[in-house]
Structure formats: structure tokens, C-alpha cells
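Me: I would like to go through this structure with you, one piece at a time. May I begin with how the helices pack?

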Amino acid sequence: MSFSWSAKDHKSYTNPPSNPTQGLKRPRNETGNKVTVVLGAQWGDEGKGKVVDLLATESDLVCRCQGGNNAGHTVVVEGKEYDFHLLPSGIINPKSICVIGNGVVIHLPGLFEEAENNEKKGLKGWEKRLIVSDRAHLVFDFHQVVDGIQETQRQATEGKIIGTTKKGIGPTYASKASRTGLRVCDLLGDFKEFSTKFKNLVKQYQSMYSSLTVDTESQLKKLKEYGERLRPMVRDGVYYMYEALHGPPKKILVEGANAALLDIDFGTYPFVTSSNCTVGGACTGLGIPPLNIGEVYGVSKAYTTRVGIGAFPTEQLNVTGELLQTRGHEVGVTTGRKRRCGWLDLVILRYAHMINGFTAIALTKLDILDVLDEIKVGVAYKINGKRIPHFPADMELLHKVEVEYETFPGWKSDTSAARKWNNLPQKAQNYIRFVENHIGVPIKWVGVGKSRECMIQMF
């Protein structure tokens, strides 16, 4: 599709001719292909990779729009477990093209190391199916060092840390916001100019962190090598997405990293990530008009987990929490840290739905609840005995809320072999229907295991 509006058209439009047949209203352009977006509805680690993997088998294009290699998605295919951090999970599908958008921050050593690790597990042809936006910002090794220094300083001055992955994501987005960051297009342009800007950026950080040492020449040599390796994959991301949206019919999938409660604007600030991991990030991180957003799928576990510190109203610091952690193998893919565990929090899911407008939900890891005698679900927050209708912005207030629970009898039977809705115990069905009705969003998938075959599709 191409634009055909000209200066002559503009003149005719602003000064319509007296002949009414010449002044007909100009038809609107076609809206183009719709994009399906998959987003985390809690604090991350909900199983987005599995949902994306399921949808990617029928997708022509699978895109990442924000975050960096602080994300971690595990996908199990034919008994092999793949771990993705920067690469879109859809890269497993040999028929899919994968896009890393302008909103993503890219650590080039991490990208190539990740690809090589997955190659050993059977990933093939990824470099011919990966498109990288020339507007994406670069994460440098010193950004990662600074990330660690900042955490140490927070501990020393405030007595607490954010709990970052120390992958340099925050410092890179800070460079981007302060307009001193460097992008893929800079690396692939005039390397002499890039080198000057890189050295200036290093000096800027060294002026703030006296302990920071950087072997500038060695770094530049490596970056030049990485740049040449990356060059065949780089495109003008905006034009590429526009052509994909307005060309022949395509199934386009956007894979969100992190989750709603980690969003820089809407999450449990300051214990959040540094990008917009809600639906707006799909537009800004890929150059997709809102008009082209179609289905928006939220992914939630059948309980709640969180990595790192920060308020967690339904957390269970008891035998139940330990059981969920152990049975669910709740360890961070990126950090290796144990995840904190608690009951499903429907206040969080309703809040995530307010922001994202989910058209359906994927409820994962239902099988982890199989052994429980009773199961609780958080349905409301109270302050001083009174229900509040909103999700608090103030973290001190969130720490103080009292959770109102609904209690359900456990189904006490193995659901891991279930492949259809009717295979699930009645009590498990009741639990799922309650969740669905309470948040007002249909549940499209129920997960009862690791592999893609373990996703029960409801409609």
C-alpha cells in the first residue's frame, strides 16, 4: 500500500471546487492487518512464552516491543527446553519471521550467546529469520556494571535494593531518556562518529561512578565485530512493520516481556522495570498504530508469584507458599532467584485488565494446585476495614492493605493429563469459572503442564 495524497489534493480539499461531483469525500485508507498481543497480567513469569509458542505456530511475524535480556521465557517443544531472553519465543517456528523492535534495548554479546546456546538444543536458521530495528538502543557492558553499582549504592544509602536483574536495562533506558544513548543505526553508520559518542558516554558515567573502569578500545573493537555480524538482520523497523501491516494478509503476534505490575508507569513503582510492558508498549515499541491492535491476551498463573522485593498482598510466608514454590519450580529464568508465592490476586488481574483491555486470559499452571485441600482467591483490598475500588499507587499503602478472600475446596486429583475442559474435575472448573466471572474476561486457555500440548483451549 502506498500514500497517494499530494499537494494538489490538499489544495483541492481546502478549496473545494464549485462542482459538487469533484468534491466527493476521500475514502479512508484500509486499516491493514490486525496484531495479536500477549502480555503478562501479574509480576511476570506467568508463562507468556508458552502462549506465544502456541500462537507462533500459526504466525507469520512474531515481535518483541520492549525490555531487554532481563526477560526470561521458557518454551518446551518435543521434550527440549529452550530459554529466551532477547529473541522472540516464536523463533522456534521455522516459518516465522521474528522482529526485535525499536522499544527493545539490545545487549549484543547477550543476543549472540543466547542464540548459540539455543542452537545447541536444536534451534536452526534463526539469523535468517530475525529482523532488528535500526532504532533499537544498545546495552553496553558498562551499563550492566553501573546497574550493579546502583544496587550497591541503594543498599548502602536506603537499606534496600530495587532487585534488578543487573542486565543494564535501567541505565540504558536512562541513557535513552537523557538523549545520550546509542542505537543500532549509530553502530552501523560512521564508526568513527560512533566511537566518539561511545567514549563520551563512558566519560559521562565515569564522572558519576568513580569506581567504573572501561577498556574503551577493547569494547569498541568487539562492538564493531558484533555490528558487522548484526548488519544483515537490520532494517528500518517502522517501514518494515508498516509494510507487514498493509501488505498481504499476515498473522502478526507481539510478545510482551515483563508484566503489567512491572510497568514503569502502572506497576508497583519503584520496584518495576524501565519500560512500558502494557499494551501501549506494543504501539510505541514497534511503530504500530492503535487501530491495528486486535486481540489482547493476558497471561496469569492460577496463583501469584513475584521475584525480588516489593509489596505482595496475597504472599504466603508459610507451608502453602513453600509448596507452591517447590511444586511450581518457581525460580527465575534470568536471575535464578526463588520466586515468592501466594494466592491468586484478582484485584491485580482486574487492574491489569483496566489498563490493557484484555480480550481473553490464559490461566497457566493450574496443575500446581492439584494437591491442596483448599484454595483461596483474593477478591478485594480493605483499608481500615473498608473496601477500596482501586489498586493503590502508594506502595506504603499497598503494604498495609488487608486482603479479602474467597475460599474453594481443592479438587485433590491430577489434572496434568487433561487435554479438554471436560477432563478437568468439577471443582477445578468451578475455580476457573469464578476467576473468569470475577474479572469479566473469558479464559481462553488453561495450562496444566510445561509443554504446548498441556494448554487446554476453551474456545
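Me: How are H4 and H5 oriented to each other?

Reply: In this predicted model, H4 and H5 are roughly perpendicular to each other, because angles of 65 to 115 degrees count as such. Their axes cross at roughly 110° and come within 7 Å. H4 covers residues 141-158, and H5 covers residues 169-177.

Me: Which residues meet there?

Reply: From H4, the residues are His-143, Val-146, Asp-147 and Gln-150. They meet Ile-169, Pro-171, Thr-172 and Ser-175 in H5. By class, this contact has three nonpolar residues, four polar ones and one charged.

Me: Next, H7 and H8. At what angle do they pack?

Reply: The angle is about 135°, and the axes are 11 Å apart. H7 and H8 are therefore oblique to each other. H7 spans residues 191-208, while H8 spans residues 216-230.

Me: Is that crossing left-handed or right-handed?

Reply: H7 passes H8 in a right-handed crossing.

Me: And which residues of H7 and H8 meet?

Reply: H7 contributes Phe-191, Phe-194, Ser-195, Phe-198, Lys-199 and Val-202. On the side of H8 are Thr-216, Glu-217, Gln-219, Leu-220, Leu-223 and Lys-224. The contact of H7 with H8 is made of six nonpolar, three polar and three charged residues.

Me: What about H3 and H8, how do their axes cross?

Reply: The axes of H3, which is residues 108-119, and H8 cross at roughly 55° and come within 10 Å. H3 and H8 are therefore oblique to each other. H3 passes H8 in a left-handed crossing.

Me: Which part of H8 does H3 meet?

Reply: Tyr-226, Arg-229 and Leu-230 of H8 meet Leu-108, Pro-109, Leu-111, Phe-112 and Glu-116 of H3. This contact has six nonpolar residues, two charged ones and no polar ones.

Me: Changing topic: how many residues are in the largest nonpolar core?

Reply: That core has 74 residues. Those with the most contacts inside it are Val-254, Leu-366, Leu-369, Tyr-381, Leu-424 and Tyr-431. Helix H12, residues 346-356, gives the most to this core, with six residues.

Me: Now for single residues. Is Gly-49 buried or exposed?

Reply: Gly-49 counts as buried, because its relative accessibility is 2% and the cut-off is under 20%. Gly-49 lies in helix H2, residues 48-56.

Me: What is Gly-49 in contact with, leaving aside neighbours within four places in sequence?

Reply: Leaving those neighbours aside, Gly-49 is in contact with His-73, Val-75 and Ser-89. Gly-49 and Gly-72 are 23 residues apart in sequence, and their C-alpha atoms are 8.5 Å apart in space.

Me: Where does Arg-129 lie?

Reply: Arg-129 lies in the loop between H3 and strand S7, which is 130-133.

Me: Is Arg-129 buried or exposed, then?

Reply: Arg-129 is buried, because its relative accessible area is 8%, again under 20%.

Me: Which residues is Arg-129 in contact with, again leaving aside neighbours within four places in sequence?

Reply: They include Gly-90, Ile-91, Asn-93, Pro-94, Ser-96, Ile-97 and Cys-98. Leu-123 and Lys-124 are also in contact with Arg-129.

Key
Residues numbered from 1 in each chain as written. Predicted model: local features only at pLDDT ≥ 70, side-chain atom pairs only at ≥ 80, totals over all residues. Heavy atoms only, no water. Axes fitted to C-alpha atoms, helices over the stretch in contact; angles between N-to-C directions. Helix = DSSP H or I, 4+ residues; strand = E, 2+ residues; numbered from the N terminus. Parallel < 35°, antiparallel > 145°, perpendicular 65-115°, else oblique. Left-handed = near helix turned anticlockwise from the far one by under 90°. Contact = heavy atoms within 4.5 Å. Nonpolar A, V, L, I, M, F, W, Y, C, P; charged D, E, K, R; others polar. Core = buried A, V, L, I, M, F, W, Y, C linked by side-chain atoms within 4.5 Å. Buried < 20%, exposed > 50% of the residue type's maximum accessible area, 1.4 Å probe, protein only.
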